[in-house]
Amino acid sequence: MFKSGDIVKILIPNVVNAGYDYRLSAPADLGTFVRVSVMNRPYVGVVYGIGDSGLPPEKIKETLEVFSERISVADLQWIQKMSSWTLMTPGAVLRLIVNVPDAFSSPRVEQLYNYVVESKVRMTDARQAVADAFASNYNEAMSVSDIQNIAHVSGAVVRGMIQRGILIPSDVRVREMDFAKYQYRDMGTVQLNEEQAAAATEIGKAISDGGFSVFLLDGITGSGKTQVYFDSAWRAYSQGQSVLLMMPEIALTAQFMSRYEKRFGAPPVVWHSNLTAARRREIWRGVLRGDIRMVVGTRSALFLPWQNLGLIVVDEEHDGSYKQEDMGNYHARDMAVLRAKISGFPIVLASATPSAETLQNVADGKYKRLRLTSRFGGATLPTIETIDMRENRPEQYVLPGDAEETQPRTGYLSPVLCDAIHNTLSAGQQVMLFINRRGFAPIVQCKKCGWVAQCPDCSVGMTYHKQLGKLLCHMCGRMEKIPEKCPVCGDIVSYRGAGLEKIQEEVCVKFPSARTALVSSDTMMSRQALERLVGRMESGEIDIVIGTQILAKGHHFPNLTLVGVVDADMGLFGTDFRAAEHTFQQLFQVAGRAGRGEIPGRVLMQTYQPDHPVLQAICEGDRDNFMASDMAARRAAKMPPYGQLIAVIVEANKENVLRRFCSELSAAAPMANGVKIMGPIAAQVYQVRNWYRMRFLVAGDAKAMLQPLVARWMDKVKIPANVRVKIDVNPQNFM
């Protein structure tokens, strides 16, 4: 305990500091939250240690306020360890925790509005986005700023809805959250099978015994992993501990919420990106004070100010969305394991397709694997087959009533897949077609002179989106009009390649009576839009759903019996050494959507490479041998998990500035045994939003101490104001 008047180090939540000295205005412990001023700007920081600046006492400022709330010493250690591993500053890590600006202020007084359903008003896409924003926040009243931020609409849209009476004034003060609503009990609604019960017992013993341990809950799709970790969550919660159930945002579905409420008798407290400022404040404060002890959330929920955290579950632990690449680069799964290790409690990693890193930790004896090998409720695994596109050429088709159509369009669905679709629809069952490419056509090109539509702000081509009637850059979001003629030679432009909109066009011609729906980030602008799609699938209003990876996991459609993968080759030949692993995971998860009810499922994958090891492994259900082969290749190349990589990405708004600084950085590069520093080379996507990018790659073996080496390297150079340097430990993205 520090006394009033003691000089202590206060860690501030910004990216440039490792702590500043202040004189305490009241007694405080390590981890106590305090309010201070830095260059006349207020911050809420934490007491981080003993002051050591050496400044004269009269020059040291006093804290403005000392709060009663605090985080634990273990959490301070976690901040420091995470900083050392990711090479983020401790202040940048704290910023992930203290991410609610008004958490220690009184609720703001502001005008709130309620949404009123008005049947006579035409629901444009923008108005529907506002309606979805209210639905995602339990239809509670919201301020104008919250409506705009969550719905991603302009102030004009909101003002128009107010004028038309769709939004009506409500309270003028933020309402406090009713924590009593989120008290849980064991409803006894699920009877675990033998495998599930064995896994739950093993995890439960670790929770009772205490101490750090990591479990891999390795279960095939539909095996009931969720009910196992629900059981574990209840065991920890009933012992007075806090529980975090962490999952990709895409998996936070109404189906999951319903299962949660049936299991625990109350809805979950959900932490995600589309909460109002008031809701974020109340959840953050509720967790800090111990009023909320169980949260379902995305990766940022890991950084809530947990009290007595006793269990973390990382569902779909292999999912790429756990890797953060904006506010600092970290992998939430790895940082969750680190947090559990420092605080001394169990963590469960759940997946049907575990990552290579996790499987290696199992092989090394660091993690314990618990296997679920059969589908819950007696459902059977689907049969999985390839369609050799070299022998099954797609049939061409002609759009009905298209006067300008002079030649049939190239098809993308083989006769074998079309026959399977026909038979499935005739049986009254549903079909999913998977193609992980948005829009209508990824290439807009002039066949005469070769001109290609490219984004002027990014070094990527623009995709034609037929429903929007625009060209769209998938990197920066820029939209442009479709050129009537080639801007270079004046000839007609053509649309090459296929996105899901083009597949829908072909489906509508070949199966004109089928009811179709598109599912991608373009059509599902909110979780509520996805829930409406799920509801339509469950009620049988959709015959064929055509979608991207949004459909790959988290959904249970009992009447979906056929999954067709339009282009199984799409991810097989990427430059990333993880390409095979990621393709296997994605296609295996997609295949797992078929046959989850009483009727057996079938999966057909169209490919020009039917003998490729990834596709053969999926067909044979032989994940373990495939991963063993893939990891043997990585071991030979000393790639993770048998080696380490750190990417140093340099960005500048002028090419000459970028190249000059990269030359300085290259000249300062250190030498070390067993370490290679490669680059600089132009990034695969060289220009993004008018910033130019180059990359260095630092490689070493599994025991190399790369972080200290990179930290010393960065200390040797002064980074100009118009240059950004990002450090990515064990990068997942090589773009």
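These notebook entries record what I looked up in a predicted model.

**Entry 1. The second largest pocket**

I began with the second largest pocket, for which I noted a volume of about 1,200 Å³. I then listed its lining, which comprises 39 residues. Trp 85, Asp 334, Asn 361, Lys 366 and Asn 730 lie nearest the centre of this pocket. I next asked which elements give two or more residues to the lining of the second largest pocket. They are helix 1 (73–86), strand 14 (330–331), helix 10 (332–343), helix 11 (356–363), strand 28 (643–652) and helix 19 (706–715). Helix 10 supplies the largest share, 6 residues. By residue type, I recorded the lining of this pocket as 17 nonpolar, 12 polar and 10 charged.

**Entry 2. Salt bridges**

I searched the whole structure for salt bridges and noted 36 of them.

*Arg 339 and Asp 75.* Arg 339 forms a salt bridge with Asp 75, and the closest N and O atoms of the pair are 3.1 Å apart. Arg 339 has a relative accessible area of 3% and is buried. Asp 75 is likewise buried, at 4%.

*Arg 369 and Asp 218.* For the salt bridge between Arg 369 and Asp 218, I recorded a distance of 3.1 Å between the closest N and O atoms. Arg 369 sits in strand 16 (residues 368–372) and Asp 218 in strand 8 (residues 213–219), so the pair ties together parts that are 151 residues apart in sequence. Arg 369 counts as partly exposed at 30% relative accessibility, whereas Asp 218 counts as buried at 3%. I then asked which residues are linked with this pair in a network of salt bridges. The network consists of Asp 218, Arg 369, Arg 371, Arg 623 and Asp 624.

I turned to helix 3 (residues 125–136), which has 12 residues. At 1.5 Å a residue this helix should span 16 Å, and its end C-alpha atoms are 16 Å apart, so the two values agree. In helix 3, I found Arg 127, Ala 129, Val 130, Ala 131, Asp 132, Ala 133, Phe 134 and Ser 136 to be buried. What covers these residues? The covering parts include strand 6 (113–115), helix 4 (144–151), helix 5 (155–163), strand 7 (167–169) and helix 14 (527–538).

Beyond the helix I looked at Tyr 138, which follows helix 3 and has a positive phi, near 60 degrees. Tyr 138 is found in the loop between helix 3 and helix 4. With a relative accessible area of 36%, Tyr 138 is partly exposed. Setting aside neighbours within four places in sequence, I recorded contacts of Tyr 138 with Pro 268, Val 270 and Arg 279. I also noted the C-alpha atoms of Tyr 138 and Arg 280, which are separated by 13 Å; these residues are 142 residues apart along the chain.

**Entry 3. Gln 227 in helix 7**

I looked up Gln 227, which lies in helix 7 (residues 225–238). Gln 227 counts as buried, at 11% relative accessibility; the cut-off for buried is under 20%. Not counting residues up to four places away in sequence, Gln 227 touches Val 190, Leu 192, Gln 196, Arg 259 and Arg 263.

**Entry 4. Helix 15**

Lastly, I looked at helix 15 (residues 579–591), which has 13 residues. Helix 15 reaches 18 Å from its first C-alpha to its last, close to the 18 Å expected at 1.5 Å a residue. How many residues of helix 15 are buried? The count is 11 of 13, and the helix is thus mostly covered. Among the buried residues of helix 15, I noted Glu 581, Thr 583, Phe 584, Gln 585, Leu 587 and Phe 588.

Note on methods:
Residues are numbered from 1 along each chain as its sequence is written. This is a predicted model: local features need pLDDT of at least 70, side-chain atom pairs count only at pLDDT 80 or more; totals for chains, interfaces and linings use all residues. Side-chain values use heavy atoms; hydrogens and water are left out. Helices (H or I, at least four residues) and strands (E, at least two) are DSSP runs, numbered from the N terminus. The expected span of a helix is 1.5 Å times one less than its number of residues. Buried means under 20% relative accessible area, exposed over 50%, partly exposed in between (1.4 Å probe, protein chains only). On a 1 Å grid over the protein atoms alone, a cavity is a set of points where a 1.4 Å probe fits but cannot get out, and a pocket is an open set with protein on both sides within 12 Å along at least five of seven lines; lining residues have an atom within 4 Å of a point. Grid points are joined across faces, edges and corners, and a volume is the space filled by probe spheres set on the points. Ala, Val, Leu, Ile, Met, Phe, Trp, Tyr, Cys and Pro count as nonpolar, Asp, Glu, Lys and Arg as charged, and the others, Gly among them, as polar. A salt bridge is a side-chain nitrogen of Lys or Arg within 4 Å of a carboxyl oxygen of Asp or Glu. Contact means heavy atoms within 4.5 Å.
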